[in-house]
Amino acid sequence: MIPQIINGLIFASILFLVATGLTIIFGILRVVNFSHGSFYLLGVYIAYSITRLSHDPVLYLASPFIAGTIVGGVGMAFERGLLSRVYGRGELFELLMTYGMIFVFIDVFRIGWGTMPISDPTITFMLGTVSIAGYTMPLYNIYLISIAAVLAVVLWFLLFKTNVGMVIRATSFDREVTSSFGVNVNRVYALTFFLGCFLAGFGGGLMLPITGAWIGLDIDMLIIGLVVVVVGGLGSIKGALAASLLIGLVRSFGISMFPAVELAIVYVIMIAVLIVKPSGLFGGVEH
Amino acid sequence: MLKVESINVNLAKVQVLRNLSLEVDEGEIVCLVGPNGAGKTTTIRSIMGILPVISGKITFENRDITSLKAHERFRLGIGYAPEDRRLYPDFTVIDNVLFPARILRIDEEEVMRRVFRIFPELKDQTHRLAMTLSGGQQKMVAVARALAADPKLLLLDEPLEGLAPVVRARLASGIAELREEGISILMAESHSTHVRDIVDRIYSIKRGEIVEVST
């Protein structure tokens with residue numbers, strides 16, 4: 001059972017990062033960012049390029065942070081340069097803009113990193129293994145789960161214990177009123193997009209040694225990320241955490257117990273939640 | 001202090017304000033009175049910079065602010081308490097009231113001293129969540145929040161609407177006290193009976209136009 005739990009927690013950690021990015025962007029901007037999976041994949045590719053520079057383990061461990069920061073910057077530039085131009089014109093424009101970016105990114109990935117899958121598990125060998133309850137696993141797996149947990153705490157602190165978080169939460173509740181209290185809402189939007197895309201890119205960078213990257217992973221991550229957001233409740237970070245754990249663990253146990261239907265189980269959960277509680281486990285938007 | 005000159009404002013391609021002009025001088029309380037749908041809230045929101053004006057001019061302290069955004073107007077000294085309070089429901093009273101002060105990094109203790117001087121009944125409520133307050137208390141918090149950044153002009157959108165007579169009288173006296181502090185006020189109300197005792201001038205608005213000015 002330990003391997004399933006650890007694998008489930010790894011998957012849940014990444015789902016949490018991706019889904020939280022999606023849900024924060026939705027909560028503040030009311031935009032479903034269909035290109036979110038592409039930002040995740042960009043993070044994997046950038047981390048891969050960083051680790052080509054040197055075989056220093058510190059660089060390997062730092063690569064998700066660097067990749068996340070670069071991806072966050074790209075996301076912010078996308079929001080300011082393109083997405084902000086269609087605000088107020090209706091959701092269809094925002095949907096088309098973020099959906100169209102998926103194809104732009106696919107071409108970027110092809111040109112930048114080719115069409116063949118890439119992977120680099122070097123860091124997992126560098127860090128070695130650890131035994132838990134008689135089960136030996138890469139220490140990197142524990143590192144990944146721990147760093148995602150730390151990031152979740154940092155995110156909570158940022159959103160609920162700092163002035164920046166107060167402004168973000170206020171904007172998510174009422175953009176108009178918040179702007180009339182001196183807040184430049186456009187800056188909040190840009191910052192939110194940076195944060196959301198940072199989380200996606202960071203998650204991608206963390207997963208490089210485990211899954212690698214291929215064109216198509218972007219769509220996989222988008223869909224599973226959307227499932228988590230829907231199950232957890234649109235705009236709810238608590239919901240993203242709960243749904244990530246639920247889906248991560250269910251999928252992990254599903255792979256070992258019912259491999260033929262492991263993906264179906266995830267969608268059955270989503271359908272069940274939508275029937276019983278259409279707004280998701282923690283429905284509504286947290287402020 | 002505030003001069004609105006012939007502004008025209010559209011909402012969803014429908015013209016809501018037509019050549020609307022009004023003035024608020026220093027230390028005055030001016031009220032915009034009219035039935036629902038007359039354009040009171042649109043006027044207040046346009047002055048705050050939330051809605052864009054198609055034509056016309058808005059000047060504040062002799063500065064043309066027509067093209068400034070809401071957050072820039074706030075920083076010039078215009079405070080705003082919207083219709084329906086619109087407090088941050090899961091922020092406490094103190095976090096709601098101090099929100100603008102924290103944006104401008106104003107001394108929080110001084111702000112609270114000032115707020116409690118005008119609305120002492122909020123003293124015992126500071127750590128309650130805004131959503132748990134009564135309607136009257138929420139209106140007080142909304143006005144207190146607008147006060148927090150030490151504004152020169154306060155825009156109050158229907159602050160007395162829907163309140164019990166006792167609470168309404170209390171809030172009206174609080175608003176009147178603000179004038180003593182040198183704050184100019186432009187408020188909007190559906191009925192002039194609630195405000196006659198405290199205002200210096202009333203603009204009657206109908207279908208987006210000022211139809212009468214009385215003192």
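In which sense, parallel or antiparallel, do strand S3 and strand S9 (residues 201–206) of chain B pair? They pair in the parallel sense, over four bridges, and the legends below return to this pairing while moving through a model that is predicted.

**View 1. Strand S3 of chain B within its sheet.** Strand S3 (residues 29–33) of chain B is mostly covered, since five of its five residues count as buried. Ile29(B), Cys31(B) and Val33(B) point one way from S3(B), whereas Val30(B) and Leu32(B) point the other way, and all are buried. In a regular strand the side chains alternate between the two faces of the sheet. Towards strand S8 (residues 184–189) of chain B, S3(B) is joined by five bridges, and the two strands run parallel; here Val30(B) has Leu186(B) of S8(B) as its bridge partner. Towards S9(B), the four bridges are again of the parallel sense, and Cys31(B) has Ile202(B) as its bridge partner in that strand.

**View 2. The six-stranded sheet of chain B.** The strands of this open sheet follow the order S6-S7-S8-S3-S9-S10 in chain B, and the pairing is mixed. Strand S6 (78–81) and strand S10 (209–214) of chain B stand at the edges, where each has a single partner strand, so one side of each is left without a neighbour in the sheet. From one strand to the next, the twist averages 20°. Strand S7 (residues 153–157) of chain B is joined to S8(B) by five bridges, with the two strands running parallel, and the bridge partner of Leu155(B) in S8(B) is Leu186(B), the residue that is also the bridge partner of Val30(B).

**View 3. Helices placed against the six-stranded sheet.** Helix H1 (residues 40–48) of chain B lies across S3, S6, S7, S8 and S9 of chain B, and runs at about 150° to S7(B). Helix H5 (residues 135–147) of chain B also packs on the sheet, where it touches S6 and S7 of chain B, and its direction makes about 165° with that of S6(B).

**View 4. The four-stranded sheet of chain B.** A further open sheet in chain B is formed by four strands in the order S2-S1-S4-S5, and its pairing is antiparallel. Its edge strands are strand S2 (14–24) and S5 of chain B, each of which pairs on one side only. Strand S1 (residues 2–11) and strand S4 (residues 55–60) of chain B are joined by five bridges and run antiparallel, and Leu2(B) has Phe60(B) as its bridge partner in S4(B).

**View 5. Leu68 of chain B and its surroundings.** Leu68(B) is found in the loop between strand S5 (63–64) and helix H2 (70–76) of chain B. Because Leu68(B) has 17 C-beta neighbours inside 10 Å, this residue counts as partly exposed. When residues up to four places away in sequence are not counted, Leu68(B) touches Gly49(B) and Arg73(B). The C-alpha atoms of Leu68(B) and Ile54(B), which are 14 residues apart along the chain, are separated by 13 Å.

**View 6. Two packed helices of chain A.** Helix H1 (residues 2–29) and helix H10 (residues 217–232) of chain A pack at an angle of about 70°, and their axes are 9 Å apart. That angle makes H1(A) roughly perpendicular to H10(A). On the side of H1(A), the contact is made by Leu15(A), Val18(A), Ala19(A), Leu22(A) and Thr23(A), and on the side of H10(A) by Met221(A), Ile224(A), Gly225(A), Val228(A), Val229(A) and Gly232(A). The residues of this contact divide into eight nonpolar, three polar and no charged.

**View 7. The largest nonpolar core.** This core has 159 residues, and those with the most contacts inside it are Leu15(A), Val71(A), Val141(B), Ala144(B) and Leu155(B). H1(A) gives the most to the core, with 16 residues. Leaving aside neighbours within four places in sequence, Val71(A) is in contact with several residues, among them Phe39(A), Leu42(A), Ile46(A), Cys197(A) and Phe198(A).

**View 8. The contact between chains A and B.** In this region, 14 residues of chain A are in contact with 17 residues of chain B. On the side of chain A that touches chain B, the elements giving two or more residues are helix H7 (163–173) and helix H8 (175–179) of chain A, and the largest share, four residues, comes from H7(A). By class, this side of chain A has six nonpolar, six polar and two charged residues.

Terms used:
Residues numbered from 1 in each chain as written. Chains lettered and ligands numbered in written order. Predicted model: local features only at pLDDT ≥ 70, side-chain atom pairs only at ≥ 80, totals over all residues. Contact = placed C-beta atoms within 7 Å. Nonpolar A, V, L, I, M, F, W, Y, C, P; charged D, E, K, R; others polar. Buried ≥ 20, exposed ≤ 12 C-beta atoms within 10 Å, placed from the backbone. Pairing = 2+ DSSP bridges. Axes fitted to C-alpha atoms, helices over the stretch in contact; angles between N-to-C directions. Parallel < 35°, antiparallel > 145°, perpendicular 65-115°, else oblique. Core = buried A, V, L, I, M, F, W, Y, C linked by C-beta atoms within 7 Å.
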